[in-house]
Amino acid sequence: MSLCGGSGPAAAPRLRPRAAQMARRPELLCGAAIVLGCAFLVALKVTCSRAKDVTMPAKLPVNFFSTRSPVIDLFRGQLDYADHLRQDSEIVLYFFYAPWCGQSIAAREEIEHVASRLSDQVLFVAVNCWWNQGKCRKQKHFFYFPVIHLYHRSFGPIEYKGPMSAVYIEKFVRRVMTPLLYISSRSKLLDFLSNYEPGVLGYFEFNASPQPPGYLTFFTSALHSLKKDYLGTIRFGVITDKRVAEEISLVQSGSVYLHRHVNASLIYPNDIMNYTAENICKWALENREMLIRWLRPHGGKSLLLNNELKKGPALLIFIPYNPLAEIHPLLDEITKVALEYHSCNKSQAAEPDLQHLGDTDSPAFDSSVPDAHMKLSETFSITKYPCCNTVVLPQWHSISRTHNVCELCVNQTLGVKPNKVHVPHCNFLEIEAALDSFYLQEHTFFQVISNTIECSNFLSFYSPFSYYTACCRTVNRHFLSFISSEKTIFQTPKVAFSSHGKKDNAQHSIPHIEDRNWFIPDLHINGTNITGLSCRTNKTLNLYLLDSNLFWIYAERLGASRSTHLKEFAAIVDLKEEVHYVLDQNQSLVGSTLENFIKNFSILYSPLKRHLVDDPSVRFHEQRVITEVTTNTFHDAVFLSEKNVLLLYYAQWCGFCASLNHIFIQLARLLPPDDFTVARIDITRNDLPWEFMTDHLPTILFFPHQRKEQSVKFPEDFSVNLPNLLKFILHHSSLSSSEPCTKECLHKETVLQQGHISHLEREIQKLRSEISALHQAHDQLEAQLSEARREEQRLQQQKHRLEKQHKTLQLHSEQLQATYNQKNQELLEMAEKLQELADASENLLKENTLLRILVASREGKLQSKDEIKESLPSEQTLSEDHDVSVSTATATSEEKRIDNTDSIETEHSSGNRTE
């Protein structure tokens, strides 16, 4: 009492001056608060730091590959042992995996398949790089799994980044095993050069040494190319025969040759670049030709397709491809088309076309003309790099009586030029100059009707170092009239050329240059027309190949059929124009089909139709309130419909679009179904013509009946609700047409409006009745909810009572259990005591038996003593005294035993009474 209360009055006077001092100086109070706060934070940190993180140790790793697999599975991440194994093998494949990775699990079977085929030549080692105690996890830091590394002796690692398919992995491993192809004959050289992939050849003489100077460097450069280009698009070969090397102008051992199909082939410049493996590989990669390229998207987040499509229009060809197959007929046909398409340096003269059209037996030139003594083939033998265009002759020209179309070619190979002038092919000014010179050389042609092709060479009017070739033929008049009638297809910009003062105001008197394919129909059939087309058009295509066995999902997204069994597909994608064209899948994918597909895309007015992506999962249902429109049903549902159409543009990811569904459902129920249609279209899954596309969601368009071309967009500044939509629809559906409306038209409009008003009034009455019914239902629901709440409260109270009873019963059960345990313990103790009593009684019985025996023996002795007494009276007194003492002791012991037995029985009876 004195400890707690005694110090209070004494301490109060000491605290008052300090409190007054703090009131006069508040900074002391703030400092004290800061000090106390810091002390609290320090104490809290010390207290919390004592708690340790509870972590569960990771489970021990198990075998990822089967024990019978040819792959050595280092599932504990023993990277040091893997390096030890690599020292004894020439080719080693490391498969770094994570046991939880789904891609690693999927690639496991592919690796086992490859190992079963190449285990006698390649060592396959799998390393678990996820086990936290393994060296692989500590030394390697991979961002993805699985990872495949290959080693060729001491060179490596060469990482494989291709598809995780057995055939592709095996192909890559075989390329690492044999990075060089040995060419010892001319036939093998032709096979090597005819392949569409770029080829690098090295010539080395093996006669003097098994390893000529530079051979190991060239061998290492082949491995470097596989390290930098995992697709293996560059093939390396070694020529061992000097005569074979001379075929490609290799005469010195150690020379390296890069073969190219279109451009000039190259020889490695030893005088400019050092002869190292890295330089050879870099030189080959920089100067290689890519006529056609393989695309292998890995399926994850990648910009591969986007970066390639940004380069320009792309022709994507999907074919089933097996890398291990020795022959690929379809691939050879496609690469032949690609080679012809990119062959810009070949002759573009009309020689093949004219030979196909003309008659080789009839004379082509007049003997009176100096240039006419040469044959047609001799005429074009001078031409090396010409530029040809078709000229449609005007009506007023004298030649037009016998010839309608001429092929005019510009040649610059005759004579010696003072210097090299690099000008683009098909220069427009040169064609204009050729036209002027052509009309000045009228006398060089016949003036009679002929079915043959007449050609002539003449010098340029402006330059003595170039000449022109003109070949003219007669074309049927009905064909030219057909061309002129198809203005929408064949119309080209009209260009006027000066013709030395000859002028005419007539529209058909102006000569102009057209694409010769339109005026000579036979040229469509000739496959050589595609030669060099990539350099003669502004819509040059980049050609790509994709394996349909792996990437058919991309073909389906572009428009390929999902039910087809033959996975061959071709499509042209123009990312800049946001269009793509699909090759008709009813046509077989062959060279001629691809050529026509490319030519139809390359012409000025392409006849190809833009492919519109359609959602095949949408099916038309007449009973739906809102009509779902797709690409295929857009024209029929909107333009051919006899109703006013309100169309909503939406997308699945557009949250605000989904919030408008109930508004459009109400609107569809309000509007008369005989006059109005409410529809919607998912523009992410359905393409439309450009004039009907939108970049804003949601977008609402209204197409009035009989005036569908006058579609109206719902204003973006108006809120999308039912009254605004009704006003918008009624306003634009009542607009009159451009023609003046008569009294009958006005009467019909009035009747129509009255019908709309009466329909709306009926709908309003229905809505009012529905609203009243909803109010009644609302009241009923409120009453039911109140009753439910009361019932819930009653149930809650009953629940609490039951919980209390449950707790009481549980406590009583615990008490009974404790009593039961106590009684059970007591019973065990009594059983032990009874067992002790039984043992003691058994001992007593044994002792009693012994006592009886002793008593009997004693009685016998007493009888013998009585007999002796009679004989020896002097000794009687002593024997009696001895017997009395013995009997007294025996009686005393008997009394003690009886007392012990009585005491035990008394305790036993008292124990029973206690129970």
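Predicted model: local features only at pLDDT ≥ 70, side-chain atom pairs only at ≥ 80, totals over all residues.
Local features were taken at pLDDT of at least 70 and side-chain atom pairs only at pLDDT 80 or more, whereas totals for chains, interfaces and linings use all residues. Residues are numbered from 1 along each chain as its sequence is written, and side-chain values use heavy atoms, with hydrogens and water left out.

An open sheet is formed by 5 strands in the order β1-β3-β2-β4-β5, with mixed pairing. Helices (H or I, at least four residues) and strands (E, at least two) are DSSP runs, numbered from the N terminus; two strands pair if DSSP finds at least two bridges between them. From one strand to the next, the twist averages 25°. Strand β4 (residues 147-152) and β5 run antiparallel and are joined by 4 bridges. In this pair, H152 stands opposite F155 in β5.

Two helices that pack on the sheet were examined. Helix α5 touches β2 (91-97), β3 (123-128) and β4, and its direction makes about 165° with that of β2. Helix α9 (residues 215-228) touches β4 and β5, and its direction makes about 30° with that of β5. Contact means heavy atoms within 4.5 Å. Axes are lines fitted to C-alpha atoms, for helices over the stretch in contact, and angles run from 0 to 180 degrees between N-to-C directions.

Helix α5 (residues 102-118) also packs with helix α7 (residues 166-177); their axes come within 9 Å and cross at roughly 45°. The two helices are therefore oblique to each other (under 35 degrees counts as roughly parallel, over 145 as roughly antiparallel, 65 to 115 as roughly perpendicular, and the rest as oblique). Their crossing is right-handed, meaning that the near helix is turned clockwise from the far one by less than a right angle. On the α5 side, E110, I111, H113, V114, R117 and L118 meet A166, I169, E170, V173 and R174 in α7. This contact has 6 nonpolar, 1 polar and 4 charged residues (nonpolar: Ala, Val, Leu, Ile, Met, Phe, Trp, Tyr, Cys and Pro; charged: Asp, Glu, Lys and Arg; polar: the others, Gly among them).

Helix α13 (residues 329-342) packs against helix α21 (residues 591-602) at an angle of about 35°, with the axes 9 Å apart. The crossing of α13 and α21 is right-handed. Residues E333, I334, V337 and Y341 of α13 meet G591, L594, E595 and I598 of α21, a contact with 5 nonpolar, 1 polar and 2 charged residues.
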